[in-house]
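Dear colleague,

Please find below the structure that I am handing over to you, with its sequence. My notes on what was found in it follow directly after.

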Amino acid sequence: IMITWQSALLGIFLGVLMILIKHTHFLSALSFGWQMTFMRHTSPQDQREERILEHVQMYASVGNASSVLKVFDEYAWKKEFYMAIGDRKGLILDQAVQNMTGGPMRALELGTYCGYSAVRIGRLLPEGAMLYSIEIEAKNAAVARKMIAHAGLTSKVVVLEGTLTTLTNKLQNLLGEEGLDFVFLDHHKDLYLPDLLQLKELGLIQPGTVVVADNVVMPGAPAYMKYMKNHTEEFRTVFHKTSLEYMPEFVKDEVAVSILL
């Protein structure tokens with residue numbers, strides 16, 4: 001059977017087209033990742049954060065954190081990509097929290113975004129514990145507060161608007177003499193290392209503090225990874241191989257779980 005080059009080209013074109021149709025969610029993720037990487041945040045015109053909040057408020061049970069996470073995950077898998085840790089990698093985050101004897105009492109999150117991971121952590125905190133979550137974008141902080149309220153976690157989770165640098169004094173006042181026993185890093189990847197070192201310099205983390213860092217491979221935090229691999233006398237780290245949130249398994253990522261020694 002003779003196949004002309006035109007037929008072969010048409011076959012390739014149709015094959016590529018089918019892949020694109022099948023993976024429009026993947027293309028959406030790439031587009032959003034481009035925005036996050038090069039624009040540093042979504043544009044004011046992007047209303048995806050409001051859309052996911054409205055969806056959660058409509059379909060998730062009020063005061064039920066597990067319901068909030070389930071509805072969020074279903075929407076993110078089927079409709080739009082979100083830079084939240086997600087259900088797959090979220091199990092690693094859950095385990096890091098649950099492995100702490102008695103649970104963390106003073107936790108910090110850098111990068112609240114829509115509040116998904118704050119809900120994920122907050123639902124596992126023991127009575128009397130607090131999670132302080134820092135978010136630089138005002139519209140994201142507003143969405144996160146409503147997401148956390150819908151999950152019934154306002155008594156355990158407080159969203160602070162700003163950066164670690166601008167909120168250092170406030171954070172120190174909130175913590176008092178106590179340091180942090182749990183830190184989750186999920187903000188700008190090039191700030192993972194300097195912000196962690198700042199926390200250490202300020203005495204806000206101490207031996208035994210658990211630090212979880214998302215997306216260390218995709219989109220990547222190379223300086224952070226290198227530091228953890230080269231400072232094993234300071235941090236004991238396990239790099240959990242996994243996949244990017246709400247993406248096919250071939251889109252690889254890792255979550256780093258460290259303990260300050």
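In which loop is Tyr246 found? Tyr246 is in the loop between strand 6 and strand 7 (252-260); helices (H or I, at least four residues) and strands (E, at least two) are DSSP runs, numbered from the N terminus. Although Tyr246 is not a glycine, its phi is positive, at about 55 degrees. Tyr246 counts as buried because its relative accessibility is 1%; buried means under 20% relative accessible area, exposed over 50% and partly exposed in between, with a 1.4 Å probe and protein chains only.

Please note that this is a predicted model, in which local features need pLDDT of at least 70 and side-chain atom pairs count only at pLDDT 80 or more, while totals for chains, interfaces and linings use all residues. Residues are numbered from 1 along each chain as its sequence is written, and side-chain values use heavy atoms, with hydrogens and water left out.

Overall composition

The protein chain contains 11 helices and seven strands. Of its 261 residues, 50% count as buried. The chain exposes about 12,800 Å², of which carbon and sulfur atoms supply 61%; these accessible areas come from the Shrake-Rupley method with a 1.4 Å probe, and for residues only the protein chains shown count as cover. Among contacts with a separation of 6 or more, 73% are between residues 24 or more positions apart, where contact means heavy atoms within 4.5 Å.

The seven strands form an open sheet in the order 3-2-1-4-5-7-6, with mixed pairing; two strands pair if DSSP finds at least two bridges between them. Strand 3 and strand 6 are the edge strands, each pairing on one side only. Direction ignored, neighbouring strands of this sheet are turned by 20 degrees against each other on average.

Strand 2 (residues 130-135) and strand 3 (residues 157-161) run parallel and are joined by five bridges. Within this pair, Ser133 stands opposite Val159 in strand 3. From strand 2 the chain passes through helix 7 (residues 138-150) to strand 3, a right-handed β-α-β crossover; right-handed means that, with the strands pointing away from the viewer, the path from the first strand over the helix to the second runs clockwise.

By contrast in direction, strand 6 and strand 7 pair in the antiparallel sense over nine bridges. Thr242 has Asp253 in strand 7 as its bridge partner.

Helices against the sheet

Helix 9 (residues 192-201) lies across strand 1 (106-110), strand 4 (180-185), strand 5, strand 6 and strand 7, and runs at about 160 degrees to strand 5. Such axes are lines fitted to C-alpha atoms, for helices over the stretch in contact, and angles run from 0 to 180 degrees between N-to-C directions. Helix 11 also packs on the sheet, where it touches strand 4, strand 5, strand 6 and strand 7, and its direction makes about 135 degrees with that of strand 6.

Individual residues

Glu234 is placed in the loop between helix 11 (222-230) and strand 6 (235-243). Glu234 is buried, with a relative accessible area of 13%. Not counting residues up to four places away in sequence, Glu234 touches Lys200, Tyr227, Ile259, Leu260 and Leu261.

Asn215 counts as buried because its relative accessibility is 0%. Met218 and Pro219 are joined by a cis peptide bond with an omega of about 5 degrees, and Pro219 belongs to helix 10 (residues 216-220).

With kind regards
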